[in-house]
Amino acid sequence: ASFTISLRKVDNTTVMIKLRPGVSSSCHIHIKSAIRSELNIKPGENVTFSFTCNTPQKYFVMEIQKNIDCVSGPCPFGDVHLYPLQLPRLNRTYIWDVKASTKAGLELKFSAPWLRQIEPGEMCPDFISYNINSCIDKATVNIGTFCRNGSVSRVKLLGGVVMSLHLPWDSPLTTSGFNIANRASIKRLCIIESTLKGESSITLMSPNYPLGFPEDELMTWQFVVPSSMRASVFFHNYSLSNCERKEERVEYYIPGSLSNPEVFKLSDSQPANIAGSFNMSLQGCDQDAQNPGVLRLLFQVIVQHPQLDENVTHLVDLSRERNTTVTIHFEGWPGYVPLMSEPICLICKDPRTCDRVLTLASGTIYRISFLCKDLSRLRITAEKGISCVDLWRCQRKIYSLSVPKAIMQLPIRLHRFIWKLLAPDLLNIEITSPSLKLQQHVQEHQRCNMSYSYSIVSATPETELNVGTFCPGGSVEKIQMRNNITISLKTFGKGFINESNPQDLKMSFVPHIKDECTFTVSPNPKAKVYLQTPNWPYGLPPYVSISWYIIVPSKQIARLGFSKNRMGIACETGRAYVNIKEEIMGAEETVRREDELLPDPRNMYHNFWVNVSNCKPVDRTQLTLQFWVTFADKQIDLGIILGMVAGAGVLVAIGLTVCCVKKKKKKTQNPMVGVYNANVNTQMPGKKGLFTKGRQTNESHVYAVIDDAVVYGDLLKESNGSIAPEVDVYRPFDGRIGSLPPSPPPFSFRKNIKFSSNTEEEPPPLTDTDHDTYTFAHQKSGQLEDNGDANEKDKGDTSVPLLENKEWDGLVE
């Protein structure tokens, strides 16, 4: 097909057809008898041409430029037409270059559905876009790129204008969509009018975004908002230049305000809940010539109906709180940022200071309100710090880790409350739950199904130990940790307020403990309790020692078992151990190394300790250990009863025999000759702990004169045979029983340990690796700064009409 383009000279229009950038020239323009790769048609020319391919839109683009002179002659006010008609179906760009004096600015008015500004590089859904540039002398400023269907209804510019319209080859658009409405002087770079109807959200940018707003310039956005609606401004992305003189700022002219213009820094929270129309201006400064920096701004304006409860205030009294911050935010914050087009929830600390996120500080009383249709989309995250300055006072105080009532009373769901507990070098931290006790979350066997849980993390500058997740209603009475702790209460669902009454978590500072972490567990006699090592499932850090102290009721027997038969690690340095010991004098200690089988399930008759100590594992192997405890009532063994009866019978027989012998002696005429040894032990043989020496090593059985009663010595000696012989059994710690958990033995003592088997044979000889130095208890490294004990003290109508036509000319500077 052939095309004819005829241009009138009076229209001052040129047409250029050229190859698309980066496309090969397999298609050409055929004109007369010549083949060309581009075609330039000037004003007054009439050209007929054709293409050598059937799809020229893949290879060629077209530019139609019209020059308009508003300096030496009158401006062609009114609609701007797409000229010429009947052009080839190519991607085309219409360019209108309007020359104007800086003393007579130009106003462009757009027909409905108006324009929407987009960021550089963003594409319009229909691929139809407008680009507006302001030309002042020889300088060009990019006002912005716009799509159709928006709120920008007018733009007024200082000096000339270069207006571009980009259309795809298949666009049905036949009109430009704007007109040159007026010519009037303005003393600022530009004025952009945005008309908002109903609930909406718009995004706008400063000129030359993101390259930088021109130096020492001033521009204005005018927002036309129905008086029945409320508008709020939010700055999402901005940067500041380096000013030598003046100061970059934002000025608002708000009808009804007592202090127009209201001046804000770009870093301030911007006005919200504005009733009706208002203006906003951006003022630049004189920049440093050597290092000018960049002034740019991207912001959002949201218009919504007044909320029914916008005048309802909620008292948040944090005056008695210390080191506490409360943040009210939208769901998913800060990882998720809602789209600008989504309905918005605003939190206001006064009628004009509102934001999507509001942070409240301790020591202050707030009255807040909400501009939100659905409060269920809001959440509360709070944080509180507790530290110790006075060691003597800290150790005498118990701190309650509970959510303040001021937060619980808000109609917003608590998402997370975090306590940061800082202990000085000489003290450690103890967490207790006296009445509810805590249950450790064990994924496979023992899950926390309540509406909230506690995550406990012990942290130092070098390492972080995730102690675990816990919820109320379990068996853990106490958790002691050597390092600073972060406790996070996280809620699930809406039942927290009911289930958390009363809150039962307490904290105190205690003297230095031996292990990194010690648990005191008092299980329910009818429950099966699962416990697992911290940092699950990633494994204990190297050289960390953890202990559990299990309390066994007096009429119960505990059964202890491990979920696997080996530790499952190989040590590069040191050894890993599991130690088990009952809290009773002379109790045997069961010790297992990482290369040995863990003990089989066993009965424990007294309170007992379980200690797990890690080495430095080889490669990526990690020490993870899980064990369980169940209880059963004590049963009296029939064999024990028969043994007791038999023992009593023997004692009765001995007593009768002695009585008979004494009667016989009384009948003897000759008195007994000899001296009785007063050191004879007249007590019945008993537990070994009652003697300072064994009978074999003292002389209490020696008599000066032997009488007939000696015939019963073998019987007495037989009764004494029940005393266990003295054996060199390893004792892992000194001091009071129960005050310290068991610890792995030094390797020099391993050969003397009596293992859990009933044999008394010595274990095999130790290898050279058995003499590695063993160190598991570490002092805290790194000294944290002590930041104090946080809890030692428990108008007439001044509305301004919109700038219309001539009123735009009178915009006050």
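**Exercise 1.** Classify Cys517: buried or exposed?

*Solution.* Take the cut-offs: buried is under 20% relative accessible area, exposed over 50%, partly exposed in between (1.4 Å probe, protein chains only). Cys517 has a relative accessible area of 0%, so Cys517 is buried. The model is predicted: local features need pLDDT of at least 70, side-chain atom pairs count only at pLDDT 80 or more, and totals for chains, interfaces and linings use all residues. Residues are numbered from 1 along each chain as its sequence is written, and side-chain values use heavy atoms, without hydrogens and water.

**Exercise 2.** Count the disulfides (pairs of cysteine sulfur atoms within 2.5 Å).

*Solution.* The rule gives 9 disulfides.

**Exercise 3.** Describe the link of Cys27 and Cys53.

*Solution.* Start with distance: the sulfur atoms are 1.9 Å apart. Next, the S-S torsion is about -80°, so this disulfide is left-handed. Now place the ends. Cys27 sits in the loop between strands E2 (13–19) and E3 (29–31), Cys53 in the loop between strands E6 (46–51) and E7 (60–69), so the pair ties together parts 26 residues apart in sequence. Strands are DSSP runs of at least two residues (E), numbered from the N terminus. Finally, Cys27 and Cys53 are both buried.

**Exercise 4.** What is the handedness of the disulfide of Cys243 and Cys285, and how does each end classify by accessibility?

*Solution.* The torsion is about -85°, so the disulfide is left-handed. Cys243 is partly exposed at 34% relative accessibility. Cys285 is buried at 1%.

How values were computed:
Helix = DSSP H or I, 4+ residues; strand = E, 2+ residues; numbered from the N terminus.
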